Amino acid sequence: MTKPVIDITYSAEVAAARAAGQPIVALESTIITHGMPYPQNVEVAAQVEADIRAAGAVPATMAVIDGRLHVGLEAETLQALGKAQGVAKLSRADFAACMATGGTGATTVAATMIAARLAGISVFATGGIGGVHKGAEQSFDISADLMELAQTPVTVVAAGAKAILDVPKTLEVLETQGVPVIAYGQDSFPAFWSATSDLKAPLRMDSAAQIARAHVLRGAMGLPGGQLVANPIPLDAQIPAADLAPIIAQAQNEADAQGVSGKGVTPFLLQRIFELTEGKSLEANIALVRNNARLAAEIAKEMAKP
Ligand code: PSU
Ligand code: MN
């Protein structure tokens, strides 16, 4: 068999940005299909894209549609994906399989990093990354996102890790894998819905230029992998950790009782937390994703400088 060429479908604006050397920010699509309910998912995705444009960069939302890798989605494609039922959740293990079988799938953090590398994009904004789940000593549930950060050269801007995860163990795995974890503008590792946590972040940077420089230096040193930038949620959008702790515990207990496992765990927990907070978790989620998109655009602009 001859080696296939990966024929990427670029949106019109991403194609133009590539030709002109403009800064581009990658966006994932699992947050749309498995992370938020319709129709807010599509509204948020469009809003985040608009935030990136307003900051002077071009958004590239990733997805596999009928077996083709799309880098940047036209508005109607985004709408259709956000509405569709039964879209696959793609990570490193099933990305190529979905393309080979003509399937449709949304990209997780891991798969979005792979797609970004294929398209020559170095910066990616999302909400939260996958990590080490609570009870991982029994379940062995550790997201492939962590190992992707260790091998694919993309800087990922997230708001830390959700308390659905075992955050100290997540930081330990990132350290073992040699992933720089950089808190933006503070010492504390942000806790997704809360700007700070009891944990100190391994690294701190206070400007997009420093983050861009560190990314480029890692590449120049021949170090594989990317960086995790942990950007705290805006203070006015925070939810106190104490308010969420019992809700997360309930969602986790339900997941355990129902035997939810594998790829189903993260979407199940996110959906139950949305329901149990009567949508409050979603408002905070929207604020932090938009905040991450703006920072990612600044980093992409720094990297695009000659
Ligand atoms: N965490 C969030 N929101 C999300 C996800 C994680 O706060 O939407 C999604 C991301 O796409 C992430 C994926 O890459 O879940 C991780 O899934 P898993 O734990 O199955 O690797
Ligand atoms: Mn998992």
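Predicted model: local features only at pLDDT ≥ 70, side-chain atom pairs only at ≥ 80, totals over all residues.
Let us start with the helices. Two packed helices are described by the angle between their axes and the distance between the axes. Take α3, which covers residues 40-54, and α13, which covers residues 280-304. Their axes come within 8 Å and cross at roughly 25 degrees. Angles under 35 degrees count as roughly parallel, so α3 and α13 are roughly parallel to each other. If you look at how one passes the other, you will find a right-handed crossing. On the α3 side, the contact is made by Gln 40, Val 44, Gln 47, Val 48, Asp 51 and Ile 52. Their partners in α13 are Leu 282, Ile 286, Val 289, Arg 290, Ala 293, Arg 294 and Ala 297. By type, the residues of this contact between α3 and α13 split into eight nonpolar, two polar and three charged.

Now turn to a second pair, α11 (residues 241-257) and α12 (residues 265-276). Here the axes come within 9 Å and cross at roughly 135 degrees. With that angle, α11 and α12 are therefore oblique to each other. The crossing of α11 past α12 is right-handed. From α11, the residues that take part are Leu 244, Ile 247, Ile 248, Gln 250, Ala 251, Gln 252, Glu 254 and Ala 255. They meet Phe 268, Leu 269, Arg 272, Ile 273 and Leu 276 in α12. The contact of α11 with α12 contains nine nonpolar, two polar and two charged residues.

Next comes the ligand. Which residues come nearest to ligand 1? Of the 15 residues around ligand 1, these are Glu 28, Lys 89, Ser 143, Asp 145 and Lys 162. Asp 145 has a side-chain N or O atom 2.7 Å from an oxygen atom of the ligand. For Lys 162, a polar side-chain atom lies 2.6 Å from an oxygen atom of ligand 1. Thr 266 also takes part, with an N or O atom of its side chain 2.7 Å from a ligand oxygen atom.

Tyr 38 and Pro 39 are joined by a cis peptide bond, with omega at about 5 degrees. You can find Pro 39 in the loop between α2 (30-33) and α3. Asp 66 sits in the loop that links β3 (58-65) and β4 (68-71).

Technical notes:
Residues numbered from 1 in each chain as written. Chains lettered and ligands numbered in written order. Heavy atoms only, no water. Axes fitted to C-alpha atoms, helices over the stretch in contact; angles between N-to-C directions. Helix = DSSP H or I, 4+ residues; strand = E, 2+ residues; numbered from the N terminus. Parallel < 35°, antiparallel > 145°, perpendicular 65-115°, else oblique. Left-handed = near helix turned anticlockwise from the far one by under 90°. Contact = heavy atoms within 4.5 Å. Nonpolar A, V, L, I, M, F, W, Y, C, P; charged D, E, K, R; others polar. Near = heavy atom within 4 Å. Polar contact = N/O pair within 3.5 Å; in protein donor to acceptor, adjacent residues only side chain to side chain.
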